[in-house]
Amino acid sequence: MNASRTWGVFRTICSLSPTFIRNAATQTSSSTVVTGFRGAVGNTPLIKLNKLSEATGCTIAIKAEYLNPGGSVKDRAALYLIKDAEEKGLLKPGGTVVEGTAGNTGIGLAHLCKALGYKCVIYMPNNQSQEKIDALKVLGADVYTVPVAPFENPNNYNHQARRHAESFQNAIWTNQFDNVANRQAHIETTGPEIWAQTGGKVDAVTFSTGTGGTLAGVGMFLKSKNPNVKVVLADPQGSVLYNYFSRGVLERTEGSSITEGIGQGRVTENLKGAPIDEALLVLDTEVVDMTFYLLHEEGFFVGASSGLNVAAAVKVARKLGPGHTVVTCLCDNGQRYYARLFNKQWLQTKGLLKAIPAAYHQWLR
């Protein structure tokens, strides 16, 4: 969907929609038939979390991003990264798309490459879940898992991806971290969807950040509609962003996190200029506790970054007080982390088993 059509659909939704939270997956119109994989990206439902909303006195609502056709919020960025390259004439038929990714952007790109006739090459750190690596290979991507290295190191997976793309004709490095086509996806789709689905009655949004595209894009759009909407960055332990947006220093918080694809050691181009009002630090114990709460109390089987997002949303709701609407997203499905996150022995080795209520232990692997 091109930008003008996106905004046209958004204006139509705004003019017709009452103030409500959508509780089932819908397209912009019940009679709409979308075209292909790329046409199915976005328009995810906004779902009220019943028990957490009741506990806080707020409406805590999640964008069900795992319902995108590639299974995660990163389908939106993947679509816009390819679209941007096509529109600039950088990617021609039969070309190769190369990216450095923790997995989900790569999966979205691999799906789109299959649908659009491109080749896909993925570089990723070797500490990511096997489920995501296997999914990429099934989707036909050439996958290179490389040792973890900081961004400043020339062997960082992003730099290896860039060099790979530079070595071929008709190949692009989509550069998800610093290509602002990423956040444009959320300025043009996710932000307008949230505004329409809440009837403009949204008080705060909070998201964890890897590239920063979701938080920045949604924040920019919502602030353009209502400057009073609070934009809150949720950061895992071991990242620099909590300290940067709280104290202005690029200094990592203590520890490292089990979460994948979020947290940062720098401020990306997508995150620069983002209208962030506050940053919250969410510990792994809180992440795991909320991930299993979502499964056993709300019925959502999701990954750790989703648990972090909702844990942050609860903190924001409690700070704002009853009667407010706080929106976040469920990034992807828990099946992508099944062998680790839902494994009793793995959780024990990470010192996190005790963060999960004993009543839930019987369902662990």
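Why is helix H7 (residues 157–166) largely enclosed by the rest of the structure?

1. Helix H7 is largely enclosed because seven of its 10 residues are buried. Buried here means under 20% relative accessible area, exposed means over 50%, and partly exposed lies in between (1.4 Å probe, protein chains only). The buried residues of H7 are Tyr-157, Asn-158, His-159, Gln-160, Ala-161, His-164 and Ala-165. They pack against strands E3 (96–100), E4 (119–125), E5 (142–146) and E6 (171–173). Helices (H or I, at least four residues) and strands (E, at least two) are DSSP runs, numbered from the N terminus.

2. Basis of the note. This is a predicted model, in which local features need pLDDT of at least 70 and side-chain atom pairs count only at pLDDT 80 or more, while totals for chains, interfaces and linings use all residues. Residues are numbered from 1 along each chain as its sequence is written, and side-chain values use heavy atoms, with hydrogens and water left out.

3. Overall form. The protein has 14 helices and 10 strands. Along the principal axes, the C-alpha atoms fill a box of roughly 55 × 55 × 40 Å. Of the 365 residues, 58% count as buried. Among contacts with a separation of 6 or more, 70% come from residues 24 or more positions apart; contact means heavy atoms within 4.5 Å.

4. Main core. The largest nonpolar core has 43 residues, and Val-288, Leu-294 and Leu-347 have the most contacts inside it. Such a core is a set of buried Ala, Val, Leu, Ile, Met, Phe, Trp, Tyr and Cys residues joined through side-chain atoms within 4.5 Å. Elements that give two or more residues to this core include strand E2 (59–64), helix H11 (284–298), helix H12 (304–320) and helix H14 (344–349). H12 gives the most, with nine residues.

5. Leu-347 and the second core. Not counting residues up to four places away in sequence, Leu-347 touches Val-288, Phe-292, Arg-340, Leu-341, Leu-352, Leu-353, Ile-356 and Leu-364. A second, separate core of 26 residues includes Leu-241, Val-327, Cys-329 and Cys-331.

6. Phe-300. This residue is in the loop between H11 and H12 and counts as buried, at 13% relative accessibility. Beyond its neighbours up to four places away in sequence, Phe-300 touches Ile-47, Leu-49, Tyr-66, Leu-294, Leu-295 and Leu-330. Phe-300 and Leu-49 are 251 residues apart along the chain, yet their C-alpha atoms are separated by 9.8 Å.

7. Ser-129. The loop between E4 and helix H6 (130–138) holds Ser-129, which is buried at 1% relative accessibility. Leaving aside neighbours within four places in sequence, Ser-129 is in contact with Glu-260, Arg-336, Tyr-337 and Arg-340.

8. Positive phi. Most residues other than glycine have a negative phi. Asn-170, in the loop between H7 and E6, has a positive phi of about 50° and is partly exposed, with a relative accessible area of 28%. Asn-175, in the loop between E6 and helix H8 (181–197), has a positive phi of about 55°; Asn-175 is buried, with a relative accessible area of 17%.
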